[in-house]
Amino acid sequence: MGAVSVEALHRREGAALQRFLQRLLRNPDYAADARQETYLRMVRALSQTEIEQPRVFLFFVARNVANTLGKRRRFEAQLFRSASEVSLDDITDERVRIQQQVIARQQLRLVAAAIDALPPRRREAFLLSAFDGLSNGEIAGRLGISKNMVEKHLMKALLHTRRTCRDFF
């Protein structure tokens with residue numbers, strides 16, 4: 001990147017980057033989170049290599065971060081959905097709504113505990129697939145293992161999570 005620093009890039013492109021991320025994510029809070037993650041990834045990348053087109057690379061990273069964040073938000077939303085077909089919008093009793101929220105939080109904690117209980121490599125492969133949206137080939141390259149091993153890790157992680165969370169999946 002030569003003479004251009006992340007700070008200078010932030011001053012020059014920060015507002016444009018924020019607008020870009022808001023257009024992609026349709027939420028100013030998500031866009032702010034994605035912007036911060038984008039700059040963190042830029043700092044990491046600059047410590048490993050020189051970047052010839054910093055602005056192009058910045059927006060490339062931002063798009064990847066927005067895609068990942070969007071996938072993560074959708075995954076989290078699915079975890080909070082109730083097992084029943086009852087819509088929370090149709091429920092007028094506040095106590096029932098609070099009870100549904102408590103149940104959803106308990107379910108999320110159960111899923112998180114199941115994921116935490118996985119062996120480190122299996123957990124890493126699962127998180128790269130579920131939250132970062134990487135393909136099996138990309139995960140294999142990142143972890144330095146075969147694609148077949150990634151598939152085994154993912155299958156065992158899903159079976160473990162499903163067994164642990166069988167009451168609501």
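Start by selecting Arg41, Arg44, Val61, Asn64 and Arg142: of the 15 residues that line the largest pocket, these lie nearest its centre. A pocket here is found on a 1 Å grid over the protein atoms alone, as an open set of points where a 1.4 Å probe fits, with protein on both sides within 12 Å along at least five of seven lines; lining residues have an atom within 4 Å of a point. The volume is about 520 Å³, counted as the space filled by probe spheres set on the points, which are joined across faces, edges and corners.

Before moving on, know that this is a predicted model: local features need pLDDT of at least 70, side-chain atom pairs count only at pLDDT 80 or more, and totals for chains, interfaces and linings use all residues. Residues are numbered from 1 along each chain as its sequence is written, and side-chain values use heavy atoms, with hydrogens and water left out.

Now colour the helices (DSSP runs of H or I, at least four residues, numbered from the N terminus). Which one gives the largest share of the pocket lining? That's helix 3, with seven residues. Helix 2 also gives two or more.

Zoom in on Leu58. Leaving aside neighbours within four places in sequence, Leu58 is in contact (heavy atoms within 4.5 Å) with Leu9, Glu13, Leu17, Thr38, Tyr39 and Met42.

Stay here and show Phe20 and Phe59. They form an edge-to-face aromatic pair, 5.2 Å centre to centre with 75° between the planes. (Rings pair if their centres lie within 6.5 Å; planes over 60 degrees apart count as edge-to-face, under 30 as stacked, and the rest as tilted.) Phe20 sits in helix 1 and Phe59 in helix 3, 39 residues apart. Phe20 is buried at 12% relative accessible area, and Phe59 is buried at 14%.

Last stop: His153, in helix 7 (residues 147–164). Buried or exposed? His153 is buried, with a relative accessible area of 10%. Beyond its neighbours within four places in sequence, His153 is in contact with Arg121, Arg122, Ala125 and Ile145.

Key
Phe/Tyr/Trp six-rings, centres within 6.5 Å; stacked < 30°, edge-to-face > 60°. Buried < 20%, exposed > 50% of the residue type's maximum accessible area, 1.4 Å probe, protein only.
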